[in-house]
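Trainee: I would like to learn how to read the features of a model like this one. Please take me through them in turn.

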Amino acid sequence: MKIVHIQSVLPQEDVIALKEKAHESSIKEAISKAVYHYLKCAKEM
């Protein structure tokens, strides 16, 4: 698997909400969890 570094700009409120919803303390883990969840849900449609 090839790993790619991604950067994005998000409002601080969205980052805080994402961390809370993902139950993660790090932004990196919260975003990773959200992306994999989105990809999994898209496959199930």
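**Reading the model**

Mentor: The lining of the largest pocket is made of eight nonpolar, four polar and three charged residues. Here Ala, Val, Leu, Ile, Met, Phe, Trp, Tyr, Cys and Pro count as nonpolar, Asp, Glu, Lys and Arg as charged, and the others, Gly among them, as polar. This is a predicted model, in which local features need pLDDT of at least 70 and side-chain atom pairs count only at pLDDT 80 or more, while totals for chains, interfaces and linings use all residues. Residues are numbered from 1 along each chain as its sequence is written, and side-chain values use heavy atoms, with hydrogens and water left out.

Trainee: What is the volume of the largest pocket?

Mentor: A pocket is an open set of points on a 1 Å grid over the protein atoms alone, where a 1.4 Å probe fits, with protein on both sides within 12 Å along at least five of seven lines; lining residues have an atom within 4 Å of a point. Grid points are joined across faces, edges and corners, and the volume is the space filled by probe spheres set on the points. In this case the largest pocket has a volume of about 630 Å³. Of its 15 lining residues, Val4, Ile6, Lys28, Ile31 and Ser32 are the closest to its centre.

Trainee: How many helices and strands does the protein have?

Mentor: Both are DSSP runs numbered from the N terminus: helices are H or I with at least four residues, strands are E with at least two. This protein has two helices and zero strands. The loop between helix 1 (12–22) and helix 2 (27–44) contains His23, and Ser26 is found in that loop as well.

Trainee: What should I look for in the backbone of His23?

Mentor: Most residues other than glycine have a negative phi. Phi of His23 is near 55°, a positive value.

Trainee: Is His23 buried or exposed?

Mentor: Buried means under 20% relative accessible area, exposed over 50%, and partly exposed in between (1.4 Å probe, protein chains only). His23 has a relative accessible area of 69%, so it is exposed. Ser26, at 27%, is partly exposed. Of the 45 residues of the protein, 7% count as buried.

Trainee: Which side chains meet in a salt bridge?

Mentor: Side chains of opposite charge can pair when their charged atoms come close. The cut-off for a salt bridge is a side-chain nitrogen of Lys or Arg within 4 Å of a carboxyl oxygen of Asp or Glu. A search of the whole structure finds one: Lys33 pairs with Glu24, at 3.4 Å from N to O. Lys33 is partly exposed at 40% relative accessibility, and Glu24 is partly exposed at 27%.

Trainee: Which residues make the nonpolar surface patch?

Mentor: Patches are made of residues with over 30% relative accessible area and no salt bridge; like charges are joined within 9 Å, and nonpolar side chains (Val, Leu, Ile, Met, Phe, Trp, Tyr) within 5 Å. Areas come from the Shrake-Rupley method with a 1.4 Å probe, and for residues only the protein chains shown count as cover. Here Met1, Ile3, Leu10, Ile27, Ile31, Val35, Tyr36, Tyr38 and Leu39 make a patch of about 1,000 Å². Val35 is in helix 2 and is partly exposed at 43%.
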